[in-house]
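The account begins with aromatic pairs and then turns to helix packing and the relation between the copies.

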2 protein chains.
Amino acid sequence: VSASVTTQHANASGVIDLARGDPHPEFLPLERVRAAAALVTAGADPAVLQYGYEPGDLGVREQLAALLGRYGGAAPSPDALFVTAGASMALDLACALYAEPGARVLVANPTYHLALAVLADRGLQVEAVASDADGIDPDALEAALQRGPAAFVYLVPAHGNPTGVSLPPERRDAVLALARRYGVRIVADEVYRLTAFGAGDADPSAARIVAGLADVAPDVALSLGSFSKLLSPGLRLGWLQGPPDDLARLARRGLLRSGGGLNPFTAALVRQLLADGGFDAHLAFVRARLRARHDTLLAAVRRQLGAARVRPATGGYFLWLDLERVDVTAPTFTAALEQAQVRVAQGAQFVPVGAELGAARSCLRLCFASAAEADLPVGIARLTDSVRRVDSVYSLP
Amino acid sequence: VSASVTTQHANASGVIDLARGDPHPEFLPLERVRAAAALVTAGADPAVLQYGYEPGDLGVREQLAALLGRYGGAAPSPDALFVTAGASMALDLACALYAEPGARVLVANPTYHLALAVLADRGLQVEAVASDADGIDPDALEAALQRGPAAFVYLVPAHGNPTGVSLPPERRDAVLALARRYGVRIVADEVYRLTAFGAGDADPSAARIVAGLADVAPDVALSLGSFSKLLSPGLRLGWLQGPPDDLARLARRGLLRSGGGLNPFTAALVRQLLADGGFDAHLAFVRARLRARHDTLLAAVRRQLGAARVRPATGGYFLWLDLERVDVTAPTFTAALEQAQVRVAQGAQFVPVGAELGAARSCLRLCFASAAEADLPVGIARLTDSVRRVDSVYSLP
């Protein structure tokens, strides 16, 4: 990935990027942020520029609680919420809170690859737990917990990265019961939770928003949320929802005592957008556009890559595609992709170090949120060409 | 310290707070930030809302380099700069970069107390090095380095917290030579560096800005900077200046790869203020007002607490006051302060755990940046009353 001088990712012109998980510029509401910034700085009180309260401004947490209530059921208490500088920072803080360096952490396989990097940087020993197309296998999780203590279990249970599917409620409940029985925390990376494809803003309850783990099990689960996929990554704003005692411990860490709350100014902008309805209107747009993009990509895959196994996503940014007998890690295939000017994410990068590659050898993660929508079928055509180059008899429609 | 629902600190009305290190609201330029936000969001390009380049937008780093050049000498290369979400975060990242948990870190005594909390939270073993009124003693530092390996040395060399004085150039050079000889990094917390009292904005070079350690020794020193004391803590923007290879390693950590640059939106606001001169104008105001506040507090101390030993600060937020035979940790004294409704920071809290309390037993850190200027002499009157209560024959003018 070549780096831009301003943003994290940039490609040479002509490349269609289905690999990266950035929102397309259409999802970045510059006008709304402009209006919020004008309102937040319009008064005479410069408190938004001061050191912030460690868990985040109470008003922001109240607005956030109300948002989660509108889209997920019961609004949590503000004491169960903690404002962070994005979900990656939230995961880093969760590591600090729950795990000593060297501790064992259990993860599904595949899972979000950069979370694995955050865990490794904290010196944690990551162990993959057997998973299938629905996510982590509770029996395998129990076996892993019986083998020895773990600091926590990291999951992406809602419209997951990389597979786009959600942990079914019965599995979720089994996992939470195990967490209670074995005394471990579940760290649930739920940054895609509110992107559920559904009925739009007319009736939020009709959206198929999956439950947050911290809502279902407020005693053992810590949910990570973020505005990056809903509003803007550049604002670096996210949150933790979890046991208030855990969050109170977090507030007493040196980083928080020294620096104050993690992002008071951008939190004030988001508070404004939550309060005035701007956020909900944008979220309805995001969900509708993601669904349309998802449908476009899925149709292209089915039309052009008939033999590939793919399961519709229920939200989020990604489709997980199994090309079965194609080894997507083979240099001939990656060379073909490069020549075709299409970028995709290899399944192998979502497999924890030391775990069996297994089916991931033939899998790709395709992002439908980042490229221009019109480029999605073109990208799939290029992918299909690349498959044909390495497997001339690959079954195509 | 009671917490506000919005900002980190709040006091009951009537209390004069000389303890905390927040900027007074007069230092928070709401109008300037409002104008910058309007400009940054005025275009059609929403890149400021996207995931940011891991080390920070190149344009921001170029502006920052130019700023450091204007106030400190040679402008560093942008490759030697890394944008962070404040200096506390920068210190936390420095720990991750240079120290394994359990590693030994050397610090001056006294030193910034909340840095000690950040180091402890990272699992580091902090060892105090003998220091005098000018700062860390190079001979004692060498003895400590001879006793065993250290991951780094943490210092606040510029208008230091808590003492308000700067490490003299000959000591600084001796410390840097030791760092080279023993192969350890110096982590220099320089958040007060640009607050040097001086000639104002007409001629920046006339300001008595002390050299940054990363300027003097770009091979071994990592300087931490921040806009918190210069512009706004709530924007959560700071920087690292140090060896480019170290910063490149930082950019590859999971936290950065997953979340992108640490605060792209607020960085864009500050870039605007750096580019259009708004920042320099504000900094001139900050330095002039800090100097006036310093002079007011110092005069009050000398007038009302004649026997106290105090040394003028050359910049920063603090005066370090030695009441000599008064034990400021005594419950009778703290009760007297509370009754008098004045808050001060006890010297003891700046002494690393396990180090001798020594002279810090009779010392106080007084902040002249946070309370209203008119309250500074009133606060000293209350402090003087409190001293009289515990020592009726304390020598007063």
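Over all chains of this predicted model, a search of the whole structure finds 18 aromatic pairs (Phe, Tyr or Trp rings, the six-membered one for Trp, with centres within 6.5 Å; planes under 30 degrees apart are stacked, over 60 edge-to-face, the rest tilted). The ring centres of F197(A) and F368(A) are 6.2 Å apart and their planes stand at 55 degrees, so this pair is tilted. F197(A) belongs to the loop between β8 and α7 of chain A, and F368(A) to the loop between β15 and α13 of chain A, so the pair ties together parts 171 residues apart in sequence.

Residues are numbered from 1 along each chain as written, and chains are lettered from A in the order written. Local features need pLDDT of at least 70, side-chain atom pairs count only at pLDDT 80 or more, totals for chains, interfaces and linings use all residues, and side-chain values use heavy atoms without hydrogens or water.

The axes of α5(A) and α6(A) come within 10 Å and cross at roughly 15 degrees, which makes the helices roughly parallel (under 35 degrees). Their contact (heavy atoms within 4.5 Å) has seven nonpolar, one polar and three charged residues.

| Helix | Range | Contact residues |
|---|---|---|
| α5(A) | residues 138–147 | P138(A), L141(A), E142(A), L145(A), Q146(A) |
| α6(A) | residues 169–182 | R171(A), A174(A), V175(A), L178(A), R181(A), Y182(A) |

Technical notes
Axes are lines fitted to C-alpha atoms, for helices over the stretch in contact, and angles run from 0 to 180 degrees between N-to-C directions. Helices (H or I, at least four residues) and strands (E, at least two) are DSSP runs, numbered from the N terminus. Angles under 35 degrees count as roughly parallel, over 145 as roughly antiparallel, 65 to 115 as roughly perpendicular and the rest as oblique. Ala, Val, Leu, Ile, Met, Phe, Trp, Tyr, Cys and Pro count as nonpolar, Asp, Glu, Lys and Arg as charged, and the others, Gly among them, as polar.
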